Amino acid sequence: MTIRPEQVETLIRDAIANLNEELPEGDRVDAKPSTVLFGIGAEIDSLSLVSLVVDIESALSDQYDLDIALADEEATARPVLPFSTVQALEEYILERANESK
Amino acid sequence: MTLGSYSGKVVLVTGSRKGIGLALAKHFLDEGATVLGVSRQPCDIDHANYHHHLCDVRDAKQLHATFQQIAKKSALHILINNSAVLDSQHAFMLTATSAEAMVRTNLLGPFFVSREAAKIMKRTRWGRIINIGSMAAALEPAGDSVYAATKAGLVTMTNVLARELSPFGITCNTVGVTAIESDMLNQLPRPAIDAIIAGLPIPRYAEHDDIFNVVDFLSSERSAYITAQTIYLGGVHG
């Protein structure tokens, strides 16, 4: 199954919305492309990032039948982690989804 | 028909083909659970609520694919990490192949399985991960340098996972099993094991019900505030 950029965007936005439900009001994050998820200036903590990634993996599998491990060796071997921003994450998901077609 | 205490629960047991894993799988089935068994070879359990998955716990990629399939079909509430291999030899005699097999099956296997299981448990914000440990971790018997180390490592891994997974409502505990009649026990020199058992506060071999008792306790709804604990049988203490 293929997935379009706007579908990935929706998927990430939904996952961030779910995450925000669990976070205190002051810690909630925007789902805009420039939101930093990892590294210097990250707007969420590491536990929230893990939770977000797992939720997105589950949604990819449930909604699009795409069984992709986002946090695998391929991701961590990159000079810039693909979870650094919302936009980077979106691009990485599309890239991996295309590979698994 | 009365509902068992695990009615509505889905339990995954690794190494369900024989020994403690087989006994636990049958116990959960008797108590009304749906049981997902995992082992490298087929299992003889013939029960409507038993589903077997051929999978090697040492293979992270294979496990990921297996759990993706499980996630599409069901929830997962309880995980029993039971798969283990034992080669009891003096350090001079233990082959590198055997040593590596114990590390991969007894330590890395439960890690790979636990994180995949936790991803499914996270959805319902409820989970019980119970790792089958060994008295060897506490008693450190000669001949078990690597086996005991893997089981001690399993305890540490369990306790770290307890921290990492508690935000998702998942508890992680270890049952430290003493010697029990099994294929694994038959690989060991019986006089040496008898001597170890004779030195325990309760000097007898374990029985399956001793294990069921602790597993039931750790699996219960009421054990939500119990995590990062190791409960040894027979009076062994770490």
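Which residues of α2(B) meet B:F112, B:V113, B:E116, B:A117 and B:I120 in α3(B)? They are B:A60, B:L63, B:H64, B:F67, B:I70 and B:A71. To meet here is to be in contact, with C-beta atoms, placed from the backbone, within 7 Å. The model is predicted; local features need pLDDT of at least 70, side-chain atom pairs count only at pLDDT 80 or more, and totals for chains, interfaces and linings use all residues. Residues are numbered from 1 along each chain as its sequence is written, while chains are lettered from A and ligands numbered from 1 in the order in which they are written. Helices (H or I, at least four residues) and strands (E, at least two) are DSSP runs, numbered from the N terminus.

By class, the contact of α2(B) with α3(B) has 9 nonpolar, 1 polar and 1 charged residues. Ala, Val, Leu, Ile, Met, Phe, Trp, Tyr, Cys and Pro count as nonpolar; Asp, Glu, Lys and Arg count as charged; the others, Gly among them, count as polar. The axes of α2(B) and α3(B) come within 10 Å and cross at roughly 25 degrees. Axes are lines fitted to C-alpha atoms, for helices over the stretch in contact, and angles run from 0 to 180 degrees between N-to-C directions. The two helices, α2(B) and α3(B), are therefore roughly parallel to each other. Angles under 35 degrees count as roughly parallel, over 145 as roughly antiparallel, 65 to 115 as roughly perpendicular and the rest as oblique. The crossing of α2(B) and α3(B) is right-handed. A crossing is right-handed if the near helix is turned clockwise from the far one by less than a right angle, and left-handed if anticlockwise.

Chain A has a helix pair of its own. The axes of α1 (residues 5–22) and α2 (residues 46–64) of chain A come within 9 Å and cross at roughly 135 degrees. Therefore α1(A) and α2(A) are oblique to each other. Their crossing is right-handed. Residues of α1(A) in the contact include A:L11, A:I12 and A:A15. Those of α2(A) include A:L52, A:D55 and A:I56. The residues of this contact divide into 8 nonpolar, 3 polar and 1 charged.

Chain B also holds an open sheet of 7 strands, in the order β3-β2-β1-β4-β5-β6-β7, with parallel pairing. Strands pair if DSSP finds at least two bridges between them. The edges are β3 (50–54) and β7 (230–232) of chain B, each with a single partner strand, so one side of each is left without a neighbour in the sheet. Neighbouring strands are turned by 20 degrees against each other on average, direction ignored. Helix α5 (residues 145–165) of chain B packs on the sheet, touching β5 (127–134), β6 (170–177) and β7 of chain B. The direction of α5(B) makes about 165 degrees with that of β6(B).

Strand β2 (residues 34–39) of chain B pairs with β3(B) over 5 bridges, in the parallel sense. Here B:G37 stands opposite B:H52. Strand β4 (residues 78–81) of chain B pairs with β5(B) over 4 bridges, also parallel. The bridge partner of B:I78 is B:R128. In β5(B), 8 of 8 residues are buried. A residue is buried if 20 or more other C-beta atoms lie within 10 Å of its own, exposed if 12 or fewer, and partly exposed in between. From β5(B), B:G127, B:I129, B:N131 and B:G133 point one way, and B:R128, B:I130, B:I132 and B:S134 the other way.

Notes:
Two residues are in contact if their C-beta atoms, placed from the backbone, lie within 7 Å.
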